[in-house]
Each structure stands twice: as C-alpha cells, then as structure tokens.
Amino acid sequence: MCGIVGYVGGQDAVPVILDGLKRLEYRGYDSAGVAVVNQGSLQRRRSAGKLDRLASSLAAEPLRGEWGLGHTRWATHGRPTEENAHPHQDCGGHIVVVHNGIIENHLELKERLVEEGHRFVTQTDTEVLAHLVESAYRGSLEEAAREALARVRGVYALVLLHRDEPQRLVAARMGPPLVIGVGESEHFIASDIPALLRHTRDFVFLEDGDVATVTPTALSVRNLEGVEVTRPPQRVTWDPVQAEKGGYRHFMLKEIHEQPRAARDTLLGRFSVEDGEVLLDELGPAAAGLREASRVMLLACGTSWHAGLVGKFLIEHLAGLPAEVDYGSEFRYRTPLVGPGTVAVAISQSGETADTLAAFREAKSRGALPIAICNVRGSMLTREAVGSLLTHAGPEIGVASTKAFTSQLVALALLALHLGRLRGTLSPDQCREHLVALARIPHLMEQALSRADEIEELTRSLTHATDFLYLGRGINYPIALEGALKLKEISYVHAEGYPAGEMKHGPIALIDDALPVVALCADDHVYEKMLSNIQEAKARGGRVIAVAPSGNGDLRGLLDGPGDAILEIPSCPALWSPFITVLPLQLLAYHVALRAGRDVDQPRNLAKSVTVE
Ligand code: F6R
C-alpha cells in the first residue's frame, strides 16, 4: 500500500525516484508524485492515475533534483486526484512530506492548525504532517519532525525534506515498513526492498518509533525521545533479477513458474534424511519452547490464512497437536484462549500485514511463544518473533500471492514434521519417509506446471462464466478456498470455495450449466467421496473441471459432457497434494483474468502489503 522512495547522493534524484516507484507499483496505488530540490528551489510534480502519467509529464517538462522524494498513493482520505497526491507541503512551500499510513487524529490537529493560521488545500490526513512540522520548525527538520510526531496518533512511514537543509532527508516509522538502502556516498529510502535492489543490497530496517536522518555520507537513527539507537545494516541476499519479469508477460506468471525453485530453496538445508530429522536451529530460543507446546495457534490473512488451514491439518495429523487457525483481523476482537503452552505461528509473505501483526502481538502478550513464517528477513514480524522460519520465495511482486503460498506450505510441513519428532508421534523412519516424499515435491511441481498450455486452452470456454464454485475435501479444502480467491482477486469474477461435503447444504442450489464447478481430487481417502460430489453436480446439469491425478479412468467416464475437463496432475502422497493441486488453479485464474483483459499484477483496489487495519 502506497510506495515511498527518497534519495540523497550524487545522482539526479528524479530518475532514481521514478525507477524506485515503478518497482513498487505492485503495492497498489492510484496517484503519484515527486518533490525535488535543485539549486535552492523546491519543486513538485504530481498526477492522478498510474506512474506513466507522471513520467510523461516529467518527460514533457523535465525536473532535476539534487535530492528528493516520491510517492505512489493508495487513497484512504480523499479521492485519488492530483491535488490529493503526495508529496504534500506546508504553507511556506519549504517542507514536503510523503506518508504511508493513517493519521487518526488529523481532524483535531487540523482544527488547531487552522486556528493558528495554516491553510489546507487537500482532503488528506497527510497534509497535517507538513503543517505540524512547519509549526514546530526552528532550524532542524529532525527535531521538528520529532516534536510534530509527539502530537500524532496513528500509523505512519514518512519521509520529509526541507528546502533549506541541503542533501538531507528525515524518515520516521510507526507501523508501515520503511528501509534505508546504504550506497557509496548515497542513501536511499523506500517502503520495500525491491525498489532499491538495483542500487544496493545493504539495508537498515527502521523499527517503530525510529526517526532517521540521512545525508549522502551519514545515517543516524534516534527514537522519538531523541536518544540514538543502533540499527546496523543487514545484507539482503535477494537477487535483483528475481524482481524483474525475466521474459514472462507478468510477474504473476513468472512467480507461478518459480514455485519449484522457491519450494526447493525453502526446503534446502533444513532436514537430514539419514537421521530422519528436521533441522530448525534457526528458530533459536523458540526451538526449546516447542517441546512444551500443547497447542498451536496459526494467525494470518488472505492467502497466508489458507496456508494456515493446510498447516493445521499437517500439525494435527503429523504431531498430534491441536491447532487452530484465525484471521489476524478477527483474533484480537474475540477472547482467544491463548497462554503459555500455546505456540503462536504468524504466517505472512510481507511480514508487514497490520492485522497479522496485531494478532501476533496479542498472542504474545497473552504468553504464547511467537514464531513467524515469513518471506522478508528483517520485516516487523520477524523482529517481533522469538524465532522465525524464513520462506525463500524471493521477492514476490505480483499482488496475488503464488510462490509465497507454496513456500509457506513447505515451512509448515517442516514445522509439523519437526513437532512430530519432538513429540514422538513420528519415528525417525516415519519422518524420513515423509521427508523423502517432500523432497520430490519440487520436481512434481515442475511436471504439473509443464501442462500450463492445456489450462490456457481450457479458459477459452470460460470467458462467459460469471461465477465459479471450487470444491475440495480434507487437506485440499483450503486449496479450494485459495483457488477461488485467486480467481476473484485478479479476474473480478465471483468464485466461492467450499468443502465438497457442504455442497448439498446450500450451494448445490446454484448449480446449472452456466456454473463451472472446479473439483479437487487427490490420491487420498476422500477420493471416492469427491467422485460422489462430482456426480451430484453432474446430475444437476453442472459443468465440472476436475483437478485429478493422472490415470483415473473412473473420473474420465464421469466427465464426458461438453464443458467438462480433467486437469491432470502428477500423483503424490495425499499429505503433500496441496503443493500440486494449487498450481492448475493459479494458472486457471491467471488465464481467465488475462482473457478478461485485467491488470493481472496489479488488480484494482488491492495492495500487496496491507499495512492498515
Ligand atoms: C492474495 C494475497 C493476500 C495476502 C494477504 C496477507 O493473493 O496475496 O490475500 O495473502 O494480504 O499478506 P501477507 O502474507 O503479506 O501477510
């Protein structure tokens, strides 16, 4: 949500900022702007809509910047107009600010500032920040920022500059992420790592309450009280090439095809087949706490929540531990029975999702052992966890999560096997058998993805469908939910996921020849039951697309109607089937969306990291 880029150094700031903002497009936005200082003059350029419009305006009337900042805005307060686009400025036109988050008390602050004589020209909450800093300014932008922030309630990642403080940016964080890229005699600021990967791999991760000042050669971080804090740079191993499209038409398609690699990388070095053990030393002090676990609470949102549902199945089945899954947004508004003995596992690609973080903190405050499964080293979630299990998906740019999801499944599989060994529900031999099968999964994923063309072809006949029903059972029920989510978020076609057995309790009323029913079949103990559900749908004139392991003649006999199809997947152990069944569903969603002419990587209204509640 919203993208921020700032630059101080020897380069012209404008192209650096624009390029960074372009690389943050996936976060979701509806207007954009830059502000730079050149030879003592502060200039802004903003526009509604996509960055291309801003870029055209800059091409028509170029700006140069000795230093500056830029922003892509995802509208919360006020429509996505040029006037409301960031950067916002003070009355004197000396100070500009870009901001991600929400200033909760902006109305009350605005009232006071207006009484003091400040003039407001936008409908945004952010504008109060520029005026607050202006009113506190007595020669030091950093001090004014600190004084202003003491009056602010809400969440923010922000960057400020003052025309008369050359080559200096002040950044502050309370909630949404903000990183500082460290270069040779230059510093960069951004809301996410991929914006800066082409310039540096060395990053300082700001924490809540940090106020940082950067010049080309200096970086200092203090807290809101002005006390210096140490934030050593960390080296990020992400390959900048992973944040490019690499010949694919969309990031989403590239990321779908990267899944075998991402799954392999997430597995790598984390188990010993010889010993039949999972090696999770990286959990640090949390590793010991796992022994005492009597219950697991999985917390997440969206696709990561679906991974949590698979995780529950695996943990209960392999480790005999009760596991519960909750939405981050629901957990803290009920009375969760969580305390010592509970392991709270937060699952998040970004590690910045506000609801997941809030739930995690709630569980932690109730005495649970906090463990993160996360794709971003140094993210807020990993910093709040006692132990983290990083997924090695690499940067995920497409808004719809794909490779992060299957990497989360790998991490959950490892955790479940590890818990099984710790608790003695799995012998080393049993664990070894599971690990051998798990290690083959990336290869089977490659096989499944090699049939991508069939899926593209199938979607030709789906262009008129306005609703889809996805059915699955057992460990593939969450995959039915995930398939439906993928379809609706990128194609804007309505889809529902259901446990197949629930169909007759309501959704069966929907079935006719216009409703494609996507049925997930695996080589498992509920296979026959899925066949019965498919028959129920067929008996009502339904059109069924089955995802099923190859060589199932019985299914072929059933699905001989004009719109029916079988998407064959390689056979694999039932427990690991979600890794495979999800792949055709991701491709199905992608091709349906493409045929509908949707913006696959940046679907409307969505943001990659949801940093507000
Ligand atoms: C869907 C999707 C979202 C995210 C959700 C949580 O494709 O990407 O549903 O899964 O917003 O995000 P993270 O995993 O970053 O916490």
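Modeller: For the linings described here, Ala, Val, Leu, Ile, Met, Phe, Trp, Tyr, Cys and Pro count as nonpolar, Asp, Glu, Lys and Arg as charged, and the others, Gly among them, as polar. By that division, the lining of the second largest cavity has five nonpolar, eight polar and two charged residues. Please keep in mind throughout that this is a predicted model.

To stay with that cavity for a moment, about 110 Å³ of space lies in the second largest cavity, and 15 residues line it, with Cys2, Trp74, Thr76, His99 and Gly101 nearest its centre. Two elements give two or more residues to the lining of this second largest cavity, namely strand E4 (67–73) and strand E6 (95–103), and the largest share, three residues, comes from E6. If you follow the chain onward from E4, you reach the loop between E4 and strand E5 (88–89), where Pro87 lies; a cis peptide bond joins His86 and Pro87 there, with omega at about 0°.

A search of the whole structure finds five cavities of 30 Å³ or more, and the largest cavity holds about 190 Å³ of space. Its position follows from its lining: domain 1 and domain 2 both give residues to the lining of the largest cavity, so it lies between them. That lining consists of 25 residues, and those nearest the centre of the largest cavity are Ser191, Asp192, Ser350, Glu352 and Val376. By class, the lining of the largest cavity divides into twelve nonpolar, six polar and seven charged residues.

The open space to consider next is the largest pocket, which holds about 570 Å³. Of the 28 residues that line the largest pocket, Cys301, Gly302, Thr303, Lys608 and Val610 are the closest to its centre. Helix H9 (302–319), strand E19 (342–348), helix H11 (354–365) and helix H16 (477–491) are the elements that give two or more residues to this lining, and H16 gives the most, with four residues. The lining of the largest pocket is made up of eleven nonpolar, eleven polar and six charged residues, and it draws at least three residues from each of domain 2 and domain 3.

In soluble globular proteins, nonpolar side chains tend to be buried together. Here the largest nonpolar core has 92 residues, and those with the most contacts inside it are Tyr470 and Trp576; this core, too, draws at least three residues from each of domain 2 and domain 3. Leaving aside residues up to four places away in sequence, Trp576 touches Leu314, Leu318, Ala413, Leu417, His434, Ala437, Leu438 and Ile441. A second, separate core has 33 residues, including Leu18, Leu24, Ala190 and Ile193.

Ile534 is found in helix H17 (residues 527–539), and it counts as buried because its relative accessible area is 2%, where buried means under 20%. Again setting aside residues up to four places away in sequence, Ile534 touches Ala519, Cys521, Val544, Ala546, Leu555, Leu558 and Leu559. The C-alpha atoms of Ile534 and Val517, which are 17 residues apart along the chain, are separated by 8.5 Å.

Gln39, in the loop between strand E2 (31–38) and strand E3 (41–48), has a phi near 45°, a positive value in a residue other than glycine, and Gln39 is exposed, with a relative accessible area of 71%. Ser185, in the loop between strand E9 (179–183) and strand E10 (186–190), likewise has a positive phi, of about 55°, although it is not a glycine; Ser185 is partly exposed, with a relative accessible area of 49%.

Methods. Residues numbered from 1 in each chain as written. Predicted model: local features only at pLDDT ≥ 70, side-chain atom pairs only at ≥ 80, totals over all residues. Heavy atoms only, no water. 1 Å grid on protein atoms, 1.4 Å probe; cavity = no way out; pocket = protein on both sides within 12 Å on 5 of 7 lines; lining within 4 Å. Points joined across faces, edges and corners; volume = space filled by probe spheres on them. Domains from an automatic or database assignment. Core = buried A, V, L, I, M, F, W, Y, C linked by side-chain atoms within 4.5 Å. Buried < 20%, exposed > 50% of the residue type's maximum accessible area, 1.4 Å probe, protein only. Contact = heavy atoms within 4.5 Å.
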